[in-house]
Amino acid sequence: MTPVVQLDGVGHRFGSAANGVAAVSDLDLAVRRGTFTTLLGPSGCGKTTTLRMIAGFIRPTSGRILLEGTDATDTPPERRNIGMVFQSYALFPHMTLTDNVGFGLRARRRPAAEVRKRAGEALELVGLSHAADRKPGELSGGQQQRVALARAVAIEPSVLLLDEPLSNLDARLRVQMRQELLRVQRETGLTAILVTHDQDEALQLSDTMVILNGGRLEQQGDPRTVFPAPANRFVAQFLGYDNFPEVPGFGPVTIRPEHVRLTAAVTGEEAATDSVELAGTVADVTYQGSHCLIGVDTAGGRLNCVHPGDDFRPGEAVRILLPRHRLVELADAHTPAGAR
Amino acid sequence: MELTSRNTVRLLLLPGLAVLLFAFLYPVAATLAAPPDGDPATVARETGALLTDPNLLPVIARTIRVSVLTTLICLVLGFPTAYLISRAPARWSGKLLALAIFPLMLNTVVRTYGWIVVLGGNGVLSTASQALGLGPVQLLYTETAIVLGLVQLFLPLMILSSYSSLSQQDPRLEDAARGLGAGPSRVFRQVVFPLALPGALVGCTLVFAGAVTAFTTPQLLGGSRERILSTLLYSRVNVSLDWPAASAVALVMTVLVLVVAALSGRLSKRGSTTS
């Protein structure tokens with residue numbers, strides 16, 4: 001099946017070709033119909049530039065962009081049939097919700113009756129039918145973003161592009177809106193590409209997550225494949241693998257803080273054969289109620305650990321157990337550019 | 001807390017209000033109540049005469065024509081310029097804006113004499129036209145000359161007012177409209193312009209009021225042949241020393257400006273209730 005969106009060696013340099021800055025370099029990507037893809041990375045990783053190139057607001061300086069199998073590299077945004085949702089919502093403040101949602105259909109010169117009907121349906125999809133005659137300024141941030149979603153969906157776009165749509169919302173609403181976003185995408189069967197710097201968002205929403213750094217692809221795949229097995233130190237760090245210890249008998253490895261086990265130096269449990277044992281000294285304890293965050297100094301560097309009890313104090317000698325199946329071997333020892 | 005801050009705001013209004021009261025409202029009221037060299041009845045009679053005198057009606061018509069034309073040309077030239085400045089990269093927009101308002105820093109008399117050099121019988125334009133075999137052009141002392149001079153004088157006001165509205169627009173609105181399938185013209189007509197209408201209307205009001213009341217430019221470029229109200233007012237005061245008639249002219253000018261200001265305020269309000 002032809003990918004809905006395909007990037008072939010796409011790059012973008014800001015400034016002149018000679019001394020400009022590469023925002024995106026040589027990016028390949030294929031997005032399958034009906035899937036949810038997230039572009040994940042820290043600010044400046046090129047994820048928004050990539051999305052804006054797919055939308056047509058920025059022209060790639062190298063490579064090709066194919067939409068529905070045809071070369072769209074030079075097609076202006078208004079002829080790409082994309083539905084875009086912006087971080088700032090970008091609703092038209094002088095129009096009612098119905099007129100906002102119907103804007104794309106009017107631009108396509110659909111008959112007024114059809115525009116009204118489909119705008120109504122799109123508003124219903126996001127649960128805002130009752131506010132159809134209001135102006136965006138009368139709505140809360142969460143409601144405005146639902147209107148923006150309805151407006152993008154109403155044109156039945158070939159791809160829904162979402163530029164950090166949830167980052168202006170407060171934490172509770174953000175989690176709610178994720179569900180909403182996923183529901184709308186599933187119900188409409190639309191192909192969606194979402195840009196985010198929030199790994200939780202990416203893990204929850206993605207069929208495919210694409211991790212970018214410094215304009216380059218670091219790793220991509222299904223979250224259940226990527227999360228337990230980050231390919232390199234950058235991805236590991238970004239996904240919250242806080243520890244990069246030197247473990248005797250291993251190359252570069254990483255382990256999540258919640259997988260590091262601490263036990264008393266003398267009376268603690270026996271080391272199982274499936275764990276690597278290290279010795280260390282507690283450096284600091286941060287009390288978090290249900291657990292403690294404990295930093296332990298070892299010969300192989302500092303290890304951060306999520307510990308279920310509050311039974312260790314700074315200065316205490318401890319044994320550290322690293323379950324072998326939780327140690328993830330990394331492809332690189334070095335810290336990639338931009339990770340610091 | 002709320003009350004204190006509101007009182008502070010009111011206090012801040014006082015100096016401006018005081019200046020307006022003593023420098024504008026008081027003289028206007030005084031002129032109408034007890035005009036120099038006459039009484040209110042005389043001014044009323046003179047106003048009636050001005051509005052019915054077949055020799056003076058063309059002056060009123062010309063004033064309105066020149067001012068409306070100046071306003072429209074300023075809008076057509078100024079709004080797109082303001083749009084381009086507001087969408088230019090930040091490091092450019094400041095410089096471009098300074099360039100646009102630079103003419104404001106020149107003395108009106110100097111600037112107007114510049115136009116005389118360009119438009120006069122032996123001026124640049126006429127010489128060029130003769131060189132092309134088109135014969136001499138006499139633009140000086142015509143309505144066209146007045147409009148040209150006024151457009152140049154007031155264009156910066158239109159650019160500044162439009163810019164203030166345009167620069168506050170979220171540029172993502174245009175992206176959103178384009179993404180939804182709107183071409184450049186639809187984006188402009190349905191998103192950019194309606195949202196910047198308040199600024200454009202303020203610009204129109206300023207330019208219109210300025211054009212109605214401008215004196216140097218119409219006096220030097222229109223001469224005594226193409227009189228408008230402001231130059232008429234001057235001759236009533238300084239040449240014929242007819243103070244009641246001058247008061248009548250001033251009254252008509254003030255009403256003209258107030259009507260347009262009210263009209264623009266109404267349009268702007270309608271714009272904001274639909275926005």
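Visitor: Where is Glu156(A) found?

Guide: Please note that this is a predicted model. Glu156(A) is found in the loop of chain A that runs between α4 (141-154) and β7 (159-163).

Visitor: What is the phi of Glu156(A) near?

Guide: Phi of Glu156(A) is near 50 degrees, which is a positive value in a residue other than glycine.

Visitor: And is Glu156(A) buried or exposed?

Guide: Glu156(A) has a relative accessible area of 54%, so this residue is exposed.

Visitor: Why does Asp26(A) count as exposed?

Guide: Asp26(A) counts as exposed because its relative accessibility is 56%, and the cut-off for exposed is over 50%.

Visitor: What is Ala152(A) in contact with, leaving aside its neighbours within four places in sequence?

Guide: With those neighbours left aside, the contacts of Ala152(A) are Gly83(A), Met84(A), Val85(A), Pro157(A) and Leu160(A).

Visitor: What separates the C-alpha atoms of Ala152(A) and Asn100(A)?

Guide: The two C-alpha atoms are separated by 9.8 Å, while Ala152(A) and Asn100(A) are 52 residues apart along the chain.

Visitor: How is chain A divided into domains?

Guide: Chain A has domain 1, covering 5-234, and domain 2, covering 247-329. The C-alpha centres of these two domains of chain A lie 41 Å apart.

Visitor: On to chain B. How many helices and strands are there?

Guide: Chain B has 12 helices and 0 strands. The C-alpha atoms of chain B fill a box of roughly 70 × 65 × 30 Å along the principal axes.

Visitor: What percentage of chain B do buried residues make up?

Guide: Of the 275 residues in chain B, 39% are buried. The accessible surface of chain B comes to about 14,800 Å², and 70% of that surface belongs to carbon and sulfur atoms.

Visitor: What about contacts along chain B: what share joins residues at least 24 apart?

Guide: Counting contacts in chain B between residues at least 6 apart in sequence, 71% join residues at least 24 apart.

Visitor: Now the pockets. What volume does the largest pocket have, and which residues lie nearest its centre?

Guide: The volume of the largest pocket is about 330 Å³. Its lining has 16 residues, with Val28(B), Thr31(B), Ser247(B), Ala250(B) and Leu251(B) nearest the centre.

Visitor: Which elements supply that lining of the largest pocket?

Guide: In chain B, α1 (2-33), α11 (229-238) and α12 (243-273) each supply at least two residues. The largest share of this lining, 7 residues, is from α12(B). By class, the lining of the largest pocket holds 13 nonpolar, 3 polar and no charged residues.

Visitor: And the second largest pocket: what is its volume, and what lines it?

Guide: The second largest pocket has a volume of about 260 Å³. It is lined by 15 residues, and Thr71(B), Leu201(B), Cys204(B), Val260(B) and Ser264(B) are those nearest its centre. Two or more lining residues come from each of α3 (57-87), α9 (184-213) and α12 of chain B. The largest share, 7 residues, belongs to α9(B). The lining of the second largest pocket comprises 12 nonpolar, 3 polar and no charged residues.

Visitor: How many cavities of 30 Å³ or more does a search of the whole structure find?

Guide: The search finds 1 cavity of that kind. The volume of the largest cavity is about 40 Å³, and among its lining residues are Arg111(B), Trp115(B), Gln152(B) and Leu221(B). Two or more lining residues come from each of α5 (108-119), α7 (143-166) and α10 (216-222) of chain B.

Visitor: Which classes of residue make up the lining of the largest cavity?

Guide: The lining of the largest cavity has 3 nonpolar, 5 polar and 1 charged residues. The largest share of that lining, 4 residues, comes from α5(B).

Definitions and conventions. Residues numbered from 1 in each chain as written. Chains lettered and ligands numbered in written order. Predicted model: local features only at pLDDT ≥ 70, side-chain atom pairs only at ≥ 80, totals over all residues. Heavy atoms only, no water. 1 Å grid on protein atoms, 1.4 Å probe; cavity = no way out; pocket = protein on both sides within 12 Å on 5 of 7 lines; lining within 4 Å. Points joined across faces, edges and corners; volume = space filled by probe spheres on them. Nonpolar A, V, L, I, M, F, W, Y, C, P; charged D, E, K, R; others polar. Buried < 20%, exposed > 50% of the residue type's maximum accessible area, 1.4 Å probe, protein only. Contact = heavy atoms within 4.5 Å. Areas by Shrake-Rupley, 256 points an atom, 1.4 Å probe, with all protein chains shown as cover. Domains from an automatic or database assignment.
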